[in-house]
Amino acid sequence: ATTMLTYRTALALMGLSTLCVAGSQILVKWRFGAMGLERNNERSWFDLAALLVTDVGLWMAGLLIIAGAATWYAALTKLPLTLMLPVGGIISPLIAIGAHLFLGERLTPSQLFAILIISAGVVLLASLQ
């Protein structure tokens, strides 16, 4: 027997998708930093490709992207795009906050204000459903 996706489950999948995508970006940035790829280096293209292909963290980030897409499209079967796309707008603020918390990146007062405004806009648009 097939089970229908409930509205509540679809909302949870949308939230999970958002976290997967944001988490993947933070993970990629962390791994690039750990491999020294943020700095200018003289690695050959072959050495760089081998380094990237063999990094478990980057594979995990790829799996997070796949999980994010799968959960997004599953949620899309039940939720309207007029809800999903505005809520998807919270990904950028989540990445900025995650970069601050997990990578030690600095957030300026202007960036914090922008995060607040974006978040308020997402809440407002989502509440209009």
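Predicted model: local features only at pLDDT ≥ 70, side-chain atom pairs only at ≥ 80, totals over all residues.

Biologist: Why are H1 and H4 called roughly parallel to each other?

Modeller: The axes of H1 and H4 cross at roughly 30°. Angles under 35 degrees count as roughly parallel, and H1 and H4 are therefore described in that way. Their axes come within 11 Å, and H1 passes H4 in a right-handed crossing.

Biologist: Which residues make the contact of H1 with H4?

Modeller: From H1 there are Tyr-7, Leu-11 and Met-14, and these meet Leu-83, Met-84 and Val-87 of H4. By class, the contact of H1 with H4 has 6 nonpolar residues, with no polar and no charged ones.

Biologist: What makes H4 roughly antiparallel to H6?

Modeller: The axes of H4 and H6, the latter covering residues 109-127, cross at roughly 170°. The cut-off for roughly antiparallel is an angle over 145 degrees, so H4 is roughly antiparallel to H6. The two axes come within 9 Å.

Biologist: Where do H4 and H6 meet, and what classes of residue are in their contact?

Modeller: Leu-83, Pro-86 and Val-87 of H4 meet Val-122, Leu-125 and Ala-126 of H6. This contact has 6 nonpolar residues and no polar or charged ones.

Biologist: Why are H1 and H5 termed oblique to each other?

Modeller: Their axes cross at roughly 45°. Roughly parallel requires an angle under 35 degrees, roughly perpendicular 65 to 115 and roughly antiparallel over 145, and the rest count as oblique. The angle of roughly 45° falls in the rest, and H1 and H5 are therefore oblique. The axes come within 9 Å, and the crossing of H1 with H5 is right-handed.

Biologist: Which residues form the contact of H1 with H5, and how do they divide by class?

Modeller: On the H1 side the residues are Thr-18, Leu-19, Val-21, Ala-22, Gln-25, Ile-26, Lys-29 and Trp-30. They meet Ile-91, Leu-94, Ile-95, Gly-98, Ala-99, Phe-102 and Leu-103 of H5. The contact divides into 11 nonpolar, 3 polar and 1 charged residues.

Biologist: Where is Glu-105 found, and what makes it partly exposed?

Modeller: Glu-105 is found in the loop between H5 and H6. Its relative accessible area of 34% again lies between the limits of 20% and 50%, so Glu-105 is partly exposed. With neighbours within four places in sequence left aside, Glu-105 is in contact with Lys-29, Ala-99 and His-100.

Biologist: On what grounds does Ala-75 count as buried?

Modeller: Ala-75 lies in H3. Its relative accessibility is 0%, against a cut-off of under 20%, and it therefore counts as buried. Not counting residues up to four places away in sequence, Ala-75 touches Leu-5, Ala-10, Leu-13, Met-14 and Met-84.

Biologist: Which residues make up the largest nonpolar core?

Modeller: There are 11 in all: Ala-10, Leu-13, Met-14, Trp-72, Ala-75, Leu-79, Leu-83, Met-84, Val-87, Ile-90 and Val-122. H1 (7-34), H3 (56-76) and H4 (81-88) each supply at least two residues of this core. Leu-13, one of the core residues, is in contact with Leu-5, Thr-71, Ala-74 and Ala-75, leaving aside neighbours within four places in sequence. In soluble globular proteins, nonpolar side chains tend to be buried together.

Notes: Residues numbered from 1 in each chain as written. Heavy atoms only, no water. Core = buried A, V, L, I, M, F, W, Y, C linked by side-chain atoms within 4.5 Å. Buried < 20%, exposed > 50% of the residue type's maximum accessible area, 1.4 Å probe, protein only. Helix = DSSP H or I, 4+ residues; strand = E, 2+ residues; numbered from the N terminus. Contact = heavy atoms within 4.5 Å. Axes fitted to C-alpha atoms, helices over the stretch in contact; angles between N-to-C directions. Left-handed = near helix turned anticlockwise from the far one by under 90°. Nonpolar A, V, L, I, M, F, W, Y, C, P; charged D, E, K, R; others polar.
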